[in-house]
Amino acid sequence: MEALLYQIFSGLANGIIYGSVALALVMIYQATHHINFAQGEMATFSTFIAWWLIQSGWPYWGAFFFTVAVSFAGGLLVQRIILKPIEKAPVMTNVIVFIGLLLIFNAFSGWFFDHTIKSFDSPFPKDSALTTKYFSAHQFGSAGVLLLVLIGLFAFFKFTPIGLAMRAAAQNPDSARLVGIRVSWMLGLGWGLAAAIGAIAGMMVAPIVFLDPNMMAGILLYGFAAALLGGIDNPLGAVIGGFIVGVLENLLGAYVIGTELKLTVALVLIVATLTLKPAGLFGKKVVVRV
Amino acid sequence: MSKLLEVGKLCAWYGATQVLYDVDFSLEAGHITAILGANGAGKTTTLRALCQVVKTSGSVVLDGTQVVGKSTESVVRMGVAHVPDGRGTFTGLSVEENLRLGAYARGNKAEMLEDMERMFTRFPILKQRRHQQAGTLSGGEQQMLAISRALMLRPKLLLLDEPSFGLAPLIVAEIFRIMRTINKEDHVSMLLVEQNASLALDLADHAYLLETGRVALSGPSDTIKNDESVRRAYLGY
Amino acid sequence: MSKSIDRKWVWIGGALLVVALLVLPFLVKNYRVFQFNLVLVYAVAILGLNILTGFNGQFSLGHGAFYAFGAYTAAILMSLYHVPYWATLPIAFVFCFGFGFLVGFPALRLAGHFLALATFALALAVPQLLKYKKIEGFTGGVQGIVLSKPEPPFSFSLFDQPLSPDRWLYFFTLFVTALMFLFAWNLLRGRVGRALVAIRDHPIAATAMGINLPVFKSLTFGTSAGFTGLAGALGAIVVAFVSPDSFTVQLSIFLLVGVVVGGLASIPGAIFGGIFIQYVPNIADEISKSAPAAIYGVLLIALMYLLPTGVMGGLHRLWMKFRARPAG
């Protein structure tokens with residue numbers, strides 16, 4: 001019983017990470033109706049920037065917020081400069097460009113910061129008041145941070161005019177222009193937000209798995225699974241999906257398949273969700289009158 | 001009387017294909033003007049050209065400001081609300097969210113809430129369905145929503161593309177009655193594109209007839225309505 | 001007048017090309033021949049992917065999985081069951097066709113990004129699957145399977161260079177590649193080809209015209225997988241080694257790069273694609289360890305901007321401009 005509880009809690013802790021990656025993916029999807037295959041690599045690159053700042057003597061939270069800001073700007077610029085010209089191009093073109101970005105960011109991480117594995121300290125020290133029996137201080141702290149991010153995003157999309165405008169621009173860019181929304185800038189905003197969230201996720205993950213250019217590859221896959229499971233257009237769903245994926249991963253690993261086929265589990269989850277329940281558990285089914 | 005809209009030598013293209021050839025027309029403030037013509041005459045293109053959704057050349061002056069060359073969003077922010085063919089509703093968003101978006105460009109929350117209440121009074125069915133996904137509304141309800149959304153902008157000029165399309169006659173009559181009310185009470189100038197010529201001529205003050213991208217005929221709608229030879233030759237009734 | 005001159009030159013050029021191809025392996029070192037073999041193998045793999053993605057519009061970011069499946073099929077058949085190398089090819093084709101056909105079914109319900117996502121997941125999961133301890137008996141686990149290159153069936157030499165295993169494999173690979181290209185060309189130029197493109201461009205209209213979409217799309221997936229799987233088997237023979245880490249997601253990405261470089265929906269473009277993904281990493285590697293990926297990335301993006309129809313598309317445009325020049 002003790003062991004089972006441990007697996008579940010550990011799964012929930014991992015789930016926070018998957019959920020945050022899923023959140024970034026949902027962000028871009030909501031804003032642009034595209035899936036950003038380069039999300040993981042962008043997050044890794046952001047984390048490297050934070051690492052480098054901390055190595056240069058910056059205090060943790062200073063480096064954290066600066067990295068988030070830089071990532072936001074970077075995401076915005078990527079959209080404005082590289083993606084805007086192909087806004088109207090077919091899906092295939094966009095996907096190929098995303099793959100191109102994936103390769104470039106991965107290469108940049110290796111090029112500027114080399115391939116040796118680095119350690120990245122958590123801002124939530126081990127022996128603080130936050131440590132409990134089932135959760136380490138870091139897990140608790142990251143959960144808090146991500147919860148704040150989630151609440152902020154949810155409120156942003158639901159209650160602010162810009163959030164509504166972003167959703168409108170994603171769903172129907174032509175009509176959005178007819179109400180005066182600057183559609184191109186909405187897309188840029190979406191990318192900026194996603195890049196910022198990705199950076200936060202990367203910084204929460206790095207203390208656990210250590211920092212190297214390929215840090216996010218497997219995690220990205222889990223992020224995809226979580227995003228799809230929760231409904232690709234639902235931020236809350238993404239987080240819940242993350243928890244489900246995290247717990248499933250641990251339970252299946254400990255009691256059913258063994259720990260070696262984790263990526264296959266993610267694959268099966270993705271395919272099953274896409275074929276059986278494409279809108280995910282919490283996604284909205286959009287009704288279209290033909 | 002001042003001219004709200006003056007269009008001179010307007011040409012428009014879809015890609016490499018030219019569709020409008022030196023179209024001239026104008027609209028007085030507070031008036032309703034109809035653009036009539038057969039399928040493919042260029043009526044929808046004219047409205048799209050005004051909003052700079054298609055490539056244009058020539059001159060479009062709205063309230064003294066040149067519009068050609070601006071982005072669609074900028075034209076809208078100048079006070080031009082376009083109800084496109086097909087309604088253009090945000091089918092994935094709720095009725096209320098659609099209305100909020102209509103007022104997005106104005107950025108004034110208090111006025112927006114005020115206007116939304118007025119729309120609900122005018123179209124009670126929308127109030128009933130305010131939290132429903134817009135895509136689940138019937139055709140007539142969506143048209144009411146589309147018009148309301150356009151009005152949320154408090155536009156100087158309302159462009160309507162085939163509002164009667166695909167709707168039952170009773171609902172069309174209702175919508176046209178409401179459009180007349182909007183014009184009279186709120187003093188909204190309208191440019192109306194319609195295939196149903198008799199309906200349009202009943203509502204409008206002035207009319208232009210387009211034929212393969214050119215203006216073939218123009219005049220006060222009463223004159224056109226009562227001229228039998230024009231009606232038979234061009235309007236089919 | 002100019003047309004008959006054109007045709008004569010085409011025949012002469014073609015004949016020269018064939019002679020050059022036949023003599024080539026004896027003019028260069030063994031290692032170069034080995035590289036040529038890989039170019040041909042990749043060309044067939046890219047051709048397979050192109051049938052699915054270029055002609056039929058179904059994304060796959062996971063064709064590395066079919067390549068790996070074909071490679072391992074060949075390797076296991078040769079090492080455990082002593083099947084002759086040439087016989088593994090049709091078997092690999094059939095197995096991969098079946099695998100692809102099965103994958104094609106869930107793929108029916110996915111489009112665009114989501115199919116790309118699902119196949120991407122497949123590609124990511126493959127190396128781990130190949131390392132799975134429970135099937136180590138077959139797959140050789142992390143170490144993979146070591147094979148030996150087939151000996152040429154007769155001895156021969158030209159320009160003082162003997163017919164080595166690599167050179168023998170060159171002719172074998174060239175033969176198989178020519179066969180596969182011919183097969184593809186035949187398949188795609190008739191009704192099948194038109195149906196594929198119709199499905200890609202106007203699926204609803206295609207259905208209305210009586211094309212059975214689900215069956216067709218799944219068959220296309222299967223055929224595409226068969227081609228790439230056969231290429232994988234061929235690759236296993238040429239390299240004489242398979243291991244899980246040879247089949248990472250990078251392979252899937254490189255195959256896609258090859259399709260894009262050569263030109264979507266272009267059969268001859270696959271050769272350019274093969275040349276590209278074989279040689280560019282070598283050149284880029286000399287710059288920096290991370291460079292190949294960065295160069296690929298930049299190139300992919302640049303190609304989508306400048307030459308969305310790939311090398312073949314660019315050449316076609318140049319050719320059109322050349323022919324349109326006024327005479328005299």
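Before going on, some conventions. This is a predicted model, in which local features need pLDDT of at least 70 and side-chain atom pairs count only at pLDDT 80 or more, while totals for chains, interfaces and linings use all residues. Residues are numbered from 1 along each chain as its sequence is written, and chains are lettered from A and ligands numbered from 1 in the order in which they are written.

Helices (H or I, at least four residues) and strands (E, at least two) are DSSP runs, numbered from the N terminus. Two strands pair if DSSP finds at least two bridges between them.

One of the bridge pairs is B:Trp13 with B:Lys55.

Now the chains together. Residues are in contact if their C-beta atoms, placed from the backbone, lie within 7 Å. Which chains share the most contacts? Of the 2 pairs in contact, A and C do. Chains B and C do not touch, with their nearest C-alpha atoms 19 Å apart.

The A–C contact takes 36 residues from chain A and 37 from chain C. On the chain C side, H5(C) gives the most, with 13 residues. That side divides into 27 nonpolar, 6 polar and 4 charged residues. Here Ala, Val, Leu, Ile, Met, Phe, Trp, Tyr, Cys and Pro count as nonpolar, Asp, Glu, Lys and Arg as charged, and the others, Gly among them, as polar.
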